[in-house]
Every structure is written in C-alpha cells, then in structure tokens.
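Trainee: I've got the model open and a few things to ask. Could you walk me through it, one topic at a time?

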Amino acid sequence: MKKKLIIGTFILSYFLTGCSASKNQESSSSMKEEHIHYAENGDLRETTKSADDLPQFLKDKPEEMVKIYAAAAKHRDLLEKIPCYCGCADSGGHRDNYDCFVHDNKENGEVVWDDHGTRCGVCLETATQSILQFKDGKSIKEIREYIDSKYKEGFAKPTPTPMPKG
C-alpha cells in the first residue's frame, strides 16, 4: 500500500502544486453551452449524461488526472466522508472531497462536474490516497483519521465533513 501511495503522490506532485484560483478560459466548440457554466467562485461546471461520461474540460489534462476524476465519481460514498484541506470550503462552499470533482448528481443520472480538482494538488492527492486505501481494505473511518492527521498542520481549515461512524 505504501508503494502505491508513494507512486500516486509522486505522479500528482510531478504536475501539480496546490490550488489555483484561476479558471480555464478556453472554450471548446465540442462543449455545448447549455451544459457549461461558471460558479460564483470561478469553478467551471459541466453536465454530462452520467458518471461514465467524463467532462470535456478534462480533454487536455494529464491521463492520471482523468483517472482520478473517473475514480472519484465511482467513490462517492467514500469521498463524501473525507474532508478537503485546500480551502475550498470557504472559496467554493465544498462540504467534502467529492465536491472537488462532482458538484451534483441529478436524479435522472446526469452529473454536474466541477473543475476545481484540475487546479488543486491537495484535492487530487486526498482523493487518490483515500481511494487507494479503501481498495486496500481500510475502513472509511481509518482513512478519515489518516487524512485528518496528514493535513492537520500547514493546510487550510477542512471542509465541514461529519466524522463517519464505526
């Protein structure tokens, strides 16, 4: 497990460092305007038909980032119980690490993606470490305790994510 964490962390740190408030201003002719909008904080939000349909804003991103987004969408139950320590609670109203990737899951199956994670190494690293530990059999509570311990000093106040029971 430690080897996976080290490799995952190395890959992420290779191309990312912290969060950025800048937004990607490029427009794509393949993106339909009715499915794209910017939140008040500048995050790009894009709606797709399902979690299997990744957003167009990932098309020019590194393969590892795309994989993290796909994995995050598949681990909602886990990441909604894991806080983020990048400051997105204040800047974007995020409640947990899942919100860094997915803004909303609609009843009809559509997913409203959030591009915040594309600019934030803390978000990507938190999701990667959490998902890898979960796949290695750690409980959500153990993962939460690990994340809280890792980011308790030198990072922003965590999102207001309730502690999981059990």
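Predicted model: local features only at pLDDT ≥ 70, side-chain atom pairs only at ≥ 80, totals over all residues.

Trainee: Is Cys84 buried or exposed?

Mentor: Buried means under 20% relative accessible area, exposed over 50%, and partly exposed in between (1.4 Å probe, protein chains only). Cys88, with a relative accessible area of 1%, is buried. Cys84 has 0% relative accessibility, so Cys84 counts as buried.

Trainee: Which pattern does the chain follow along the sequence?

Mentor: Helices (H or I, at least four residues) and strands (E, at least two) are DSSP runs, numbered from the N terminus. The chain has six helices and four strands, and buried residues make up 44% of its 166 residues. Read along the sequence, the pattern is α-β-β-α-α-α-β-β-α-α.

Trainee: Which strands stand at the edges of the sheet?

Mentor: Two strands pair if DSSP finds at least two bridges between them. Here four strands make an open, antiparallel sheet in the order β1-β2-β4-β3. Each edge strand has a single partner, so one side of each is left without a neighbour in the sheet. Those strands are β1 (36–38) and β3 (102–105).

Trainee: How many bridges join β2 to β4?

Mentor: β1 and β2 (residues 44–48) pair in the antiparallel sense over three bridges, with Tyr38 opposite Leu44 in β2. Moving on to β2 and β4, these run antiparallel, and Arg45 has Asp114 in β4 as its bridge partner. The number of bridges joining β2 to β4 is four.

Trainee: And which residue in the turn of the β3 and β4 hairpin has a positive phi?

Mentor: β3 and β4 pair antiparallel over three bridges, and Asp104 has Val112 in β4 as its bridge partner. Five residues lie between the two strands of the hairpin. Asn108 is found in the loop between β3 and β4 (111–114) and is exposed, with a relative accessible area of 56%. The turn residue with a positive phi, about 95°, is Gly109.

Trainee: Which residues point the other way from Val111 and Trp113 in β4?

Mentor: In a regular strand the side chains alternate between the two faces of the sheet. In β4, Val111 and Trp113 point one way, and the four residues in question are all buried. Pointing the other way are Val112 and Asp114.

Trainee: What angle do α5 and α6 pack at?

Mentor: Axes are lines fitted to C-alpha atoms, for helices over the stretch in contact, and angles run from 0 to 180 degrees between N-to-C directions. The axes of α5 (residues 121–135) and α6 (residues 140–151) are 10 Å apart. The angle is about 145°.

Trainee: Which residues does Ser130 touch, leaving out those up to four places away in sequence?

Mentor: Contact means heavy atoms within 4.5 Å. Ser130 lies in helix α5 and is buried, with a relative accessible area of 0%. Not counting residues up to four places away in sequence, Ser130 touches Leu78, Leu79, Ile82, Ile143 and Ile147.

Trainee: Last one: which residues is His35 in contact with, beyond its neighbours within four places in sequence?

Mentor: His35 sits in the loop between α1 (2–15) and β1 and is partly exposed, with a relative accessible area of 28%. His35 and Arg45 are ten residues apart in sequence, and 8.0 Å separates their C-alpha atoms. The contacts of His35 are Arg45, Glu46 and Thr47.

Notes. Residues numbered from 1 in each chain as written. Heavy atoms only, no water.
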